[in-house]
Amino acid sequence: MGARRDSLERIADALDRIAPPPAALPDWSRGAGFIWDGTAARVIDQIDAPSLDQLRGIAEQKAAVCTNLDRLASGAAAHDMLLWGARGMGKSALIRSAIADLLARDKHAPAPGPGPALIQIAPDALQTMPALIEGLSGQNRGFVLFIDDLGFDAGDAQGNLMLRSLLDGGMTTRPGNVRLAVTSNRRAISRRDNSEDGALHERDERDNALALADRFGLTLGFHPADKVTFLEILHAYTDPLGLAFGEEEALAWAIRRGSRSGRSAYQFACEIAGRAGLQL
């Protein structure tokens, strides 16, 4: 009996040595943002984002997001946000920029305190969000859980149901200091595999996707830029550097890229800045 006990103890000791120690959670009151991988959070001291003024062609969306985040920062009721629509039109940039702007303003407030932090959720960490939210509930700070480019793999009904329950309808109440910001190319967040498996299955998928989208209190659409808006976005990047460009070349660049968007405008501005030997 003693030999068996010794053997079990040796096995337990070996497992303790090879098992990674539990991840230490960060000080949630510090840092502009965090990246959550499902077990640990990496602190981000400064959020990489363009200034709000550089985000052109989305004035209404910008005002709505900033107003909502101001409410979260003040402790008032705030919405979960779904930003959907055209690729490269500033959905994720707006979330990052609005948080960065709010944190910058908080630093100069008469009684500065920690403004809302952005927590980016890794794609494979969605199922751990309830535990994360529970850990954030007692913090004296607002948090925006950021899921960028959300889409579900074929057969991933659990991810949709988990988010629906998290947003509205779960057994426990989500704390008021934690809200979600999700970006997607479609308002009806659908699976990434668009193969057809029959009309009934297609209808079920559409209903599930809309049931998730309807749970966001603030839903904002982003649409492709026309020529005027594309050039306005481009000027926002080039004018501060005193850079000139030909409009025909800029529009041709957008055609080659396949879209007139904020992303393609930034890429062309990067090209112009590079020619001049400048950083953008």
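Helix axes are lines fitted to C-alpha atoms over the stretch in contact, and the angles between them run from 0 to 180 degrees. The structure is a predicted model.

- Helix α7 spans residues 227–238 and helix α8 spans residues 247–257; their axes come within 11 Å and cross at roughly 105°.
- Angles of 65 to 115 degrees count as roughly perpendicular, and α7 and α8 are therefore roughly perpendicular to each other.
- In this contact, Lys227, Phe230, Leu231 and Leu234 of α7 meet Glu247, Ala250, Leu251 and Ala254 of α8.
- The residues of the contact comprise six nonpolar and two charged ones, with no polar residue.

**The nonpolar cores**

- The largest nonpolar core has 44 residues, of which Val65, Leu69, Met81, Leu83, Leu94 and Ile95 touch the most other members.
- Among the elements that give two or more residues to this core are α2 (59–74), β3 (81–85), α7, α8 and α9 (262–275).
- The element that gives the most to this core is α3, with seven residues.
- Beyond its neighbours within four places in sequence, Leu83 has contacts that include Val65, Leu94, Ile95, Val182, Leu220 and Phe222.
- A second, separate core of 29 residues includes Leu82, Ala117, Leu167 and Val178.

**Aspartate 149**

- Aspartate 149 lies in the loop between β5 and α5 (157–167).
- Most residues other than glycine have a negative phi.
- The phi of aspartate 149, however, is positive, near 55°.
- Aspartate 149 has a relative accessible area of 39% and is therefore partly exposed.

Definitions and conventions. Residues numbered from 1 in each chain as written. Predicted model: local features only at pLDDT ≥ 70, side-chain atom pairs only at ≥ 80, totals over all residues. Heavy atoms only, no water. Helix = DSSP H or I, 4+ residues; strand = E, 2+ residues; numbered from the N terminus. Parallel < 35°, antiparallel > 145°, perpendicular 65-115°, else oblique. Contact = heavy atoms within 4.5 Å. Nonpolar A, V, L, I, M, F, W, Y, C, P; charged D, E, K, R; others polar. Core = buried A, V, L, I, M, F, W, Y, C linked by side-chain atoms within 4.5 Å. Buried < 20%, exposed > 50% of the residue type's maximum accessible area, 1.4 Å probe, protein only.
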